[in-house]
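Try each task before you read its solution.

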Amino acid sequence: MSTSPPTPPSRALIDGEQRFKTITLPCEWVEDYRPGGYHPVVLGDIFNNGQYKVIRKLGEGSYSTVWLARDLKSSRYVALKILVSEISGSTTELRVLRHITKVAPVEGTPHITRVLGEFEHRGPNGIHKCLVFEPMGPSVNTMVEELPQFKPRRRGMKVRYPLWMAKSILKQSLQALAFLHENGIAHGDFQPGNILFTLNDIDSTPEDMLRQGEDMQARLISPPVQRLDGKEDEWAPRYLCVAQPLVPFTCYAEGFKVKLSDMGGAYFFTDPPTKLVTPLGLRPPELFLTGTIDNTVDVWSFGCLIFELITGQPLFCIPWSKFEDDDHLLSLTARLGALPDKFFRYWKTSSLYFTPERKLFNCQLGGVAPGEEPLMVEQTSMEELFDRAGPDLNEEEAHKVKALIRRILQYDPAKRPSPAEILYDPWFCEIDVESMGSSQIKV
């Protein structure tokens, strides 16, 4: 190890040159521990003048890390969200959260995670805004893998939520969206990873039952974070933690509750952002054709989520590539039909796939290579894909769900129903989230 003094990350390092030895565990990117980036946290750290003691990693995102902490003053547990410092001074998230608190009492927002407080923390990478939330369980993305009926996993097993759970998740998340939209707020990142299950009461649970162990062999933490040049680094933590959702303490049986979380991508209707963080497969076509951003982005994402939760597979699965927009638009036309003229004319590379008469002749991304024949693949509609997935619905209910998805996933944003209007759809009117239960789930 070099004995020379610590060296701050240079601009070259910040702009992409690798600074640390690679860490392959599922953690945040270690190179983002730099001025303006993440605050370096290790288990046992204390925040807010001795009030909060970090005991477990709950998750991470592009702009924050989230930790379970013990509130030493009130003897309860909280979730501590620590934002990267470069956005901490101007985050819309805090304005949105303050507005939610102002327009509705706690009991008025049963399906949105509750913010308990906020403070600032100064660290080597700048000043970080820290948001204090009620602790929550795993996301809808994660929890399905933890259901007892899927353990042990068997070949050919369809890992998806039982129908009663899927319907309850959908209605509760829709109620959260309706509340936000009625108060002029779009979520902007509506996805299964931001819908969280609530916990049983854990405040009386001993800390050692919730604490994350610093055991590298158990793959709970990374090997030591090391710079390639061998020098010390005060801008990164000694190790990274693997997120450990509170699965054993999660409420997922009859009468479970989910809440919409993470307002990091949220915005007011009157002040839409210039770009969104919505996952690619959940983005509506106008977003990458005309750049239009409005509140109906959430509605489109919700329509995709209906398909995903009922069938257990995404409607649009778009891997990253330099042709991802073309890939997405080809998938849209296959699943939902031809784009209307007012959108099609913005598809600058459409001639690689369609004749002047708008007949599809090629599905090879990037166009037909010289000397090669055009590639054609089967065009499978949303309804056909839905039926092939074999959802646990009778024919009558399946027809209702497919019709609802069609009603939501309209190319014209002005024709998409609002969340409140969707709640009055006959299918959602049949869903009673309070009485839903199943003998399949054993606590």
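**Exercise 1. Find out whether Lys-322 is buried or exposed.**

Step 1: Lys-322 has a relative accessibility of 72%. Step 2: compare that value with the cut-offs, where buried means under 20% relative accessible area, exposed over 50%, and partly exposed in between (1.4 Å probe, protein chains only). Step 3: at 72%, Lys-322 therefore counts as exposed. Helices (H or I, at least four residues) and strands (E, at least two) are DSSP runs, numbered from the N terminus.

Before going on, a word about the numbers. This is a predicted model, in which local features need pLDDT of at least 70 and side-chain atom pairs count only at pLDDT 80 or more, while totals for chains, interfaces and linings use all residues. Residues are numbered from 1 along each chain as its sequence is written, and side-chain values use heavy atoms, with hydrogens and water left out.

**Exercise 2. Describe where Ala-176 is found and what it is in contact with.**

Step 1: look in helix α5, where Ala-176 is found. Step 2: its relative accessible area is 2%, so Ala-176 is buried. Step 3: list the contacts, meaning heavy atoms within 4.5 Å. Leaving aside neighbours within four places in sequence, Ala-176 is in contact with His-111, Ile-112 and Leu-260.

**Exercise 3. Work out which residues touch the most other members of the largest nonpolar core.**

Step 1: a nonpolar core is a set of buried Ala, Val, Leu, Ile, Met, Phe, Trp, Tyr and Cys residues joined through side-chain atoms within 4.5 Å. Step 2: the largest one has 100 residues, and Tyr-161, Phe-197, Phe-302, Ile-306 and Phe-428 touch the most other members. Step 3: helix α5 (residues 163-182) gives the largest share of this core, twelve residues. Step 4: zoom in on Phe-428, whose contacts beyond four places in sequence include Leu-170, Leu-174, Phe-302 and Ile-306.

**Exercise 4. Decide whether Cys-241 is in a disulfide, and whether it is buried or exposed.**

Step 1: a disulfide is a pair of cysteine sulfur atoms within 2.5 Å. Step 2: the nearest cysteine sulfur to Cys-241 is that of Cys-27, 7.5 Å away, and Cys-241 is in no disulfide. Step 3: the structure as a whole holds zero disulfides. Step 4: with 1% relative accessibility, Cys-241 counts as buried, whereas Cys-251, at 28%, counts as partly exposed.

**Exercise 5. Describe the largest pocket by its volume and its lining.**

Step 1: on a 1 Å grid over the protein atoms alone, a pocket is an open set of points where a 1.4 Å probe fits, with protein on both sides within 12 Å along at least five of seven lines; lining residues have an atom within 4 Å of a point. Step 2: the largest pocket has a volume of about 1500 Å³, a volume being the space filled by probe spheres set on the points, which are joined across faces, edges and corners. Step 3: of the 50 lining residues, Gly-61, Ser-64, Lys-81, Asn-194 and Asp-262 lie nearest the centre. Step 4: strand β2 gives the largest share of the lining, four residues.
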